[in-house]
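Here's a quick tour of some local features, starting with strand pairing. Have the viewer open as you read.

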Amino acid sequence: MSDDYLVRIGKLIRDARQHRGWTQTQLAEALGTSQSAVNRIERGNQNISLEMIARIGEALDSEIVSLGYAGPMHLRVVGGRRLSGAIDVKTSKNACVALLCASLLNKGRTVLRRVARIEEVYRLLEVLNSIGVRTRWINDGVDLELVPPAELEMEAIDAEAAVRTRSIIMFLGPLLHRMDQFKLPYAGGCDLGTRTIEPHMIALRRFGLDIAATEGQYHARVDRSVRPDRPIVLTERGDTVTENALLAAARHDGVTVIRNASSNYMVQDLCFFLEALGVEVEGIGTTTLTVHGVPNIDVDVDYSPSEDPVEAMSLLAAAVVTESELTVRRVPIEFLEIELAVLEEMGLDHDRSPEYSADNGRTRLVDLTVRPSKLEAPIDKIHPMPFPGLNIDNVPFFAAIAAVASGQTLIHDWVYDNRAIYLTDLNRLGGRLQLLDPHRVLVEGPTRWRAAEMMCPPALRPAVVVLLAMMAAEGTSVLRNVYVINRGYEDLAERLNSVGAQIEIFRDI
């Protein structure tokens with residue numbers, strides 16, 4: 001075995017051990033060897049057999065060498081490079097996954113244009129395929145066609161794919177119209193702390209849905225005699241909660257009023273899609289939605305989801321953090337106006353084009369050009385609010401932006417239990433972030449970024465924030481196991497490279 005491979009294997013073992021939180025001594029005890037031997041292995045100074053590699057992988061619960069299939073994807077980032085040119089925003093991740101779930105309402109053929117080719121979509125397609133939905137990429141892989149079966153095969157559901165996405169929770173609304181009882185695996189997704197489904201149940205019980213959660217599954221039963229006889233008031237103005245209520249109301253034979261509804265971008269896209277199915281929705285963009293349900297939906301529908309405001313914010317943050325001039329095209333401006341107002345207060349120099357329509361004919365787009373700016377910390381704290389407030393998924397990007405601004409910025413991520421904790425990973429790259437509690441972090445700027453090698457945080461937006469900081473740091477950084485980024489971004493590394501970044505994709509041996 002060559003010295004180069006020994007060094008590479010040693011680094012993989014070291015990273016896996018550190019990710020597990022073990023010392024060299026703890027790994028040595030698990031292997032029945034000495035700490036000095038583990039140290040030699042990690043430095044690439046010890047010949048090592050395949051049997052020993054397998055034992056180490058088993059001890060660390062980490063596959064060190066992949067055989068027969070590709071291992072985890074990693075990124076090698078050469079930072080300190082300025083971006084330039086223009087980059088387009090892709091279609092919305094959250095809208096696309098909602099529309100995939102909504103396709104279950106329709107007995108006819110559904111075509112979705114320019115669907116984001118991301119892991120979250122792939123997992124949902126695996127689930128849909130497993131229960132009998134025929135899906136195929138058409139028009140050179142740009143668009144997606146879905147054709148449902150006469151009867152869904154819920155017993156054959158791909159549980160492994162289902163538990164890797166929280167979006168599976170939005171199957172509840174459509175399925176309660178198709179069968180009297182069914183099972184769904186527990187919802188997964190990002191590691192963002194405890195996230196109860198009770199708000200979903202408060203809404204869906206009004207349509208006769210009852211759920212018992214046992215043995216890793218939701219056991220659902222539907223009582224057809226139960227119908228919403230008064231407005232449904234959501235106990236949280238959540239996006240997926242509102243979408244589930246809309247999906248249930250879409251095929252309810254009657255009028256359903258949903259109050260305290262989210263009016264966020266993905267909810268509006270879902271409403272536009274429901275209208276294409278023949279369902280009348282009043283109050284789109286407000287917190288009260290009135291749905292005129294259609295009991296039987298059997299149409300061939302063609303719909304274009306709009307662009308993703310969170311990806312747009314990611315690209316704007318990339319320009320800010322790398323002190324670049326960059327044009328971000330097809331930005332859904334309605335859903336970034338608060339963020340831009342805060343950035344203007346901080347001193348951001350930018351221009352915006354006249355507005356034009358997205359392919360759905362409804363969403364307002366602009367092109368934004370961002371220039372290098374001398375930023376000052378905002379006077380007020382950064383905190384999310386339901387739309388039209390600052391988007392919860394855009395809060396993490398302000399951690400990287402605040403790190404390059406002069407002064408202290410308080411970021412209060414009150415929605416998720418532990419996402420603020422992941423933002424402190426920026427300290428590995430030279431950031432000065434102080435965690436005040438699981439929801440609040442104090443950011444001190446400006447920052448002199450430095451290169452580092454680290455594991456990807458297990459939450460989508462903090463993971464991208466770390467990548468952006470690596471792009472700003474002089475030298476070569478490595479971000480390991482970036483599956484979580486691929487859940488929400490299509491070809492992000494290649495697209496950033498197209499505007500001047502230097503990011504290499506590689507896998508384990």
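## Strands around β17

Ser-357 sits opposite Arg-364 of β17. Pairing here means DSSP finds at least two bridges between the strands; strands are DSSP runs of E with at least two residues, helices are runs of H or I with at least four, and both are numbered from the N terminus. Six residues lie between the strands in the β16–β17 hairpin, where Gly-361 takes a positive phi near 75°.

β15 (residues 349–352) runs antiparallel to β17 with four bridges, and Arg-352 faces Leu-368 of β17. Five bridges link β14 (residues 326–332) to β17 (residues 364–371), again antiparallel, with Val-331 bridged to Val-366.

## A covered helix and a buried arginine

How many of the residues of α14 are buried? Nine of nine, across residues 395–403; among them are Phe-397, Phe-398 and Ile-401. Buried means under 20% relative accessible area, exposed over 50%, and partly exposed in between (1.4 Å probe, protein chains only).

Arg-206 lies in the loop between α9 (198–204) and β7 (209–214). Its relative accessible area is 16%, so Arg-206 counts as buried. Beyond neighbours within four places in sequence, Arg-206 is in contact (heavy atoms within 4.5 Å) with residues including Asp-229, Arg-230 and Ile-232.

## About the model

This is a predicted model: local features need pLDDT of at least 70, side-chain atom pairs count only at pLDDT 80 or more, and totals for chains, interfaces and linings use all residues. Numbering starts from 1 along each chain as its sequence is written, and side-chain values use heavy atoms, leaving out hydrogens and water.
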